[in-house]
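Subject: Structure handover

Hi,

Here is the structure I promised to pass on to you. Please have a look at it first, and then read on for my notes.

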Amino acid sequence: MSAAHRLTRAGLLWVEMSMILSASVIRVRDGLPLSASTDYEQSTGMQECRKYFKMLSRKLAQFPDRCTLKTGRYNINFISSLGVSYMMLCSENYPNVLAFSFLDELQKEFITTYNMMKTNTAVRPYCFIEFDNFIQRTKQRYNNPRSLSTKINLSDMQMEIKLRPPYQIPMCELGSANGVTSAFSVDCKGAGKISSAHQRLEPATLSGIVAFILSLLCGALNLIRGFHAIESLLQSDGEDLNYIIAFFLGTAACLYQCYLLVYYTSWRNVKSFLTFGLICLCNMYLYELRNLWQLFFHVTVGAFVTLQIWLRQAQGKAPDHDV
């Protein structure tokens, strides 16, 4: 056998060992599995990867829209869009461009086939299990590169991955499995703090949107009164400078409440309480310039927004669905 023939045969063997093993479609906000391929192997390594699949599905909202988790012999890749995540398990040497092209095909077909309203209101796991047929067909195509090369153009995906590579998830960000802390957690405390800064909040409710609008309204009213106070001061009408400061502090407090309502920060609940306290102090100082109804409105809105901030917490652990 010639050396060239041996090299060609070795290359084909490598391609055969490089393959997609399984895929799933998961709802991002709560980790509900919507569809999945059903041909998991029973090896020890695969069973361990199933644990990682479950752990990732509970924390999808905390990660960017394109990620990779390396677990040794296997990689878990996923993309997220419109509240749905498309996950796959492949061997460690499977090309990234093929992996994310595969996920991109799943995403386009799922969005085309199913109404997003149905995915948002689904309550049962695997309620779109019929999508498994498309997953299986696409997986077979991507596991046979010779038949695949003439059917897709990977240049766009190659450029996209080059410009915006997938986020590499440190193992420590998954926390612990079955109550046993990950061995990587000691080395990754800093990474955990960084990831918490990008944590997502639960979806906004109608009351939360109303609170945001009312807080903006209060901030605008304070700002307008503050400019009027500046005009009175410049005209030497005896306006107290402290009133101007109180109006603008009230404006800043209302805008900061809007920020806390939309974004996750450390000590978020404490900050919201302190901001509400500042609103109360400003209105107490402005007692002579406002009637009781105006004071009641500003303080009530501040309390309502603070309550909504407390209610809209970071997305936490999802139910333990069998992903």
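Let me start with a salt bridge: the side chains of K108 and D104 pair up at 3.2 Å, N to O. These two residues are four apart in helix α3, so about one helical turn separates K108 from D104. Please keep in mind throughout that this is a predicted model.

**Salt bridges**

The structure holds six salt bridges. In one of them, R66 and E160 meet through their side chains at 2.4 Å, N to O. Because R66 lies in strand β3 (residues 66–70) and E160 in helix α7, this pair ties together parts that are 94 residues apart in sequence. R66 is buried at 7% relative accessibility, whereas E160 is partly exposed at 34%. The two also belong to a network in which salt bridges with shared partners join D65, R66, E160 and R164.

Another bridge links the side chains of D30 and R27, at 2.7 Å from N to O. What are the relative accessibilities of its partners? D30 has 19% and counts as buried; R27 has 4% and is buried as well. With the limit for buried set at under 20%, D30 still falls on the buried side at its 19%.

**Nonpolar cores**

Which residues touch the most other members of the largest nonpolar core? Among its 30 residues, they are L34 and F110. The elements giving two or more residues to this core are β1 (20–27), β5 (84–91), α3 (96–113), α5 (132–142) and α7 (155–163). Helix α3 contributes the most, with eight residues.

Leaving aside residues up to four places away in sequence, F110 is in contact with V25, L34, V84, Y86, M116, T119, F128 and F131. There is also a second, separate core of 21 residues, with L21, M55, L60 and I76 among its members.

**A patch on the surface**

Turning to the outside, L233, L241, I245, L249 and L278 form a nonpolar surface patch, and together they have about 390 Å² of accessible area. Helix α10 (residues 241–262) gives the most to this patch, with three residues. L278 sits in helix α11 (residues 268–285) and is partly exposed, with a relative accessible area of 31%.

**Two loops**

The loop between α10 and α11 holds T265, which is buried with a relative accessible area of 13%. Residues up to four places away aside, T265 touches Y259, L260 and K271.

Y126 is in the loop between α4 (116–121) and α5. Its relative accessible area of 26% makes Y126 partly exposed. The C-alpha atoms of Y126 and P33 are separated by 5.6 Å, although these residues are 93 apart along the chain.

**Cysteines**

How many disulfides does the structure hold? The count is zero. For C258, the nearest cysteine sulfur is that of C254, 7.3 Å away. A disulfide would need the two sulfur atoms within 2.5 Å, so C258 is in no disulfide. C282 is in none either, with the sulfur of C254 again the nearest cysteine sulfur, at 8.7 Å. Both residues are buried: C258 has a relative accessible area of 5%, and C282 one of 6%.

Happy to go through any of this with you.

Best wishes

How values were computed:
Residues are numbered from 1 along each chain as its sequence is written. This is a predicted model: local features need pLDDT of at least 70, side-chain atom pairs count only at pLDDT 80 or more; totals for chains, interfaces and linings use all residues. Side-chain values use heavy atoms; hydrogens and water are left out. Buried means under 20% relative accessible area, exposed over 50%, partly exposed in between (1.4 Å probe, protein chains only). A nonpolar core is a set of buried Ala, Val, Leu, Ile, Met, Phe, Trp, Tyr and Cys residues joined through side-chain atoms within 4.5 Å. Contact means heavy atoms within 4.5 Å. Patches are made of residues with over 30% relative accessible area and no salt bridge: like charges are joined within 9 Å, nonpolar side chains (Val, Leu, Ile, Met, Phe, Trp, Tyr) within 5 Å. Accessible areas come from the Shrake-Rupley method with a 1.4 Å probe; for residues, only the protein chains shown count as cover. A salt bridge is a side-chain nitrogen of Lys or Arg within 4 Å of a carboxyl oxygen of Asp or Glu.
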